[in-house]
Amino acid sequence: MFGLVDCNNFFASCERVFRPDLAHKPIVVLSNNDGCVIARSNEAKALNIPMGAPAYQYKEVFDKYNVTLFSCNFALYGDLSNRIMNILRTHCFRMEQYSIDEAFLDFSGCKIEGVGLKIKTQVLKWTGVPVSVGFAPTKTLAKLANRIAKKFPKETEGVYVIDSQEKLIKALKWLKIEDVWGIGRKSSNKLRALNITKAYDFTLLEDNWIKANMSVVGLRIKQELLGKSVLDFQELEPRKNISVTRTFDKNYTKFEELRERIANFAANCSEKLRNQHSCCHSVLVFINTNYHRKELDQYNQSIIVNIPFETNSTIEIVHHALVGLKRIFKSGFEYKRAGVILMNFSPDTSQQLSLFGGRNIKHISLMKTVDKINASLGNQKLRLGVQDTNRIWKMKQEKLSPNYTTNIADIITIKAKS
DNA sequence: TCTGGGGTCCTAGGACCC
DNA sequence: TCTGGGGTCCTAGGACCC
């Protein structure tokens, strides 16, 4: 049996942990620069505020129904996520953290009676975050069971098990095709055109058709839906790409402005890269104008710069990112978005020597020291001069909540009455 | 005025090898 | 008129996830 534990409306629930006055009230969490809606409480969903909605288009709804807005606070969500994952780990002998707010738990050969409710109760009591639990013989069905638990909290108490043929058929006939894990918009549109509207209909399709139209990915989904497990637990492996990309709060026109941002993105990437003990061989830089503003001149360009050696030095990676930026930058455009992606990784223990001069070995210890100092004195205390020493930009975060659990200054004060 | 960010996997086709 | 057969590796783009 696979278990899937998934937090309900995770970001919104995190904000509510320290704001009990907001229980049963509509909450919305916004993306960077307070741009889009990225999480909603059930009450906000009931107001038909869609996922990804631009905040400015829903201002009236927010005002009218007294929706509480939050700027995204990833320090808070990350910390609560860690706490929840630590709890989940104690309930099974193997676990795969699938995202910031959900995990697959291995219950093969175990009794699961009462386990779901126990997990749910404990996580809520210890962290304040509500979760739903699904059990089933495959990962895809565990996702489905979880969805049922979430959709019918009263009937299921937030826990649902698919453990019989009757329950399986019933669930498959209930699940809409576009809600099947692994079937996205493109495929579900195609399937709906053929009058395949439920997961059950999909399981009746011929393998040949699925293979031709949806490749082996589609075939796997069919197997999984029928109860044959083909997706196993995945080991935690280092990332194969690391990126930092941003939409800006305003347009940039000058090379120097973009240089500062790109240098910063590349530096942040490098730090993440060292964190997972990798080196990279290539860095991709892209710059975009605002595609929502069709009346403006558009220019979108990216470039991959291959570094002739492998490195995780901020100095070397920033240098090559800026070489790339210089090549693709064109003046006369208003830039709204840009980013840096590191690719082509190898472990930082191996050393491929270069025929024509390799990485600067001195940087290895230098970066170690920089990381150490930044870890103790706060992020980005030590930076390159080309980074934003003057900080020309500021992220719009008007509704940012305190870092209740990660900053000693933000711990809440409780007044007790006798 | 305003419009998110960070990932993975698969496939087809090109370029190359003997 | 007619033009082999069996491989590998790499990349761009598509589709999907949270």
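## Where the protein meets DNA strand C

Sorted by class, the surface near DNA strand C has four nonpolar, four polar and five charged residues. Here "near" means that a heavy atom of the residue lies within 4 Å of the strand; Asp, Glu, Lys and Arg count as charged, Ala, Val, Leu, Ile, Met, Phe, Trp, Tyr, Cys and Pro as nonpolar, and the others, Gly among them, as polar. This is a predicted model, where local features need pLDDT of at least 70 and side-chain atom pairs count only at pLDDT 80 or more, while totals for chains, interfaces and linings use all residues. Residues are numbered from 1 along each chain as its sequence is written, chains are lettered from A in the order in which they are written, and side-chain values use heavy atoms, with hydrogens and water left out.

Of the 13 residues around DNA strand C, Lys143, Gly182, Gly184, Lys186 and Ser187 come nearest.

| Protein atom | Atom of DNA strand C | Distance |
|---|---|---|
| Asp101, polar side-chain atom | sugar or linking oxygen | 3.1 Å |
| Gly182, polar backbone atom | phosphate oxygen | 2.9 Å |
| Arg185, polar backbone atom | phosphate oxygen | 3.4 Å |

Terms used. Polar contact = N/O pair within 3.5 Å; in protein donor to acceptor, adjacent residues only side chain to side chain.
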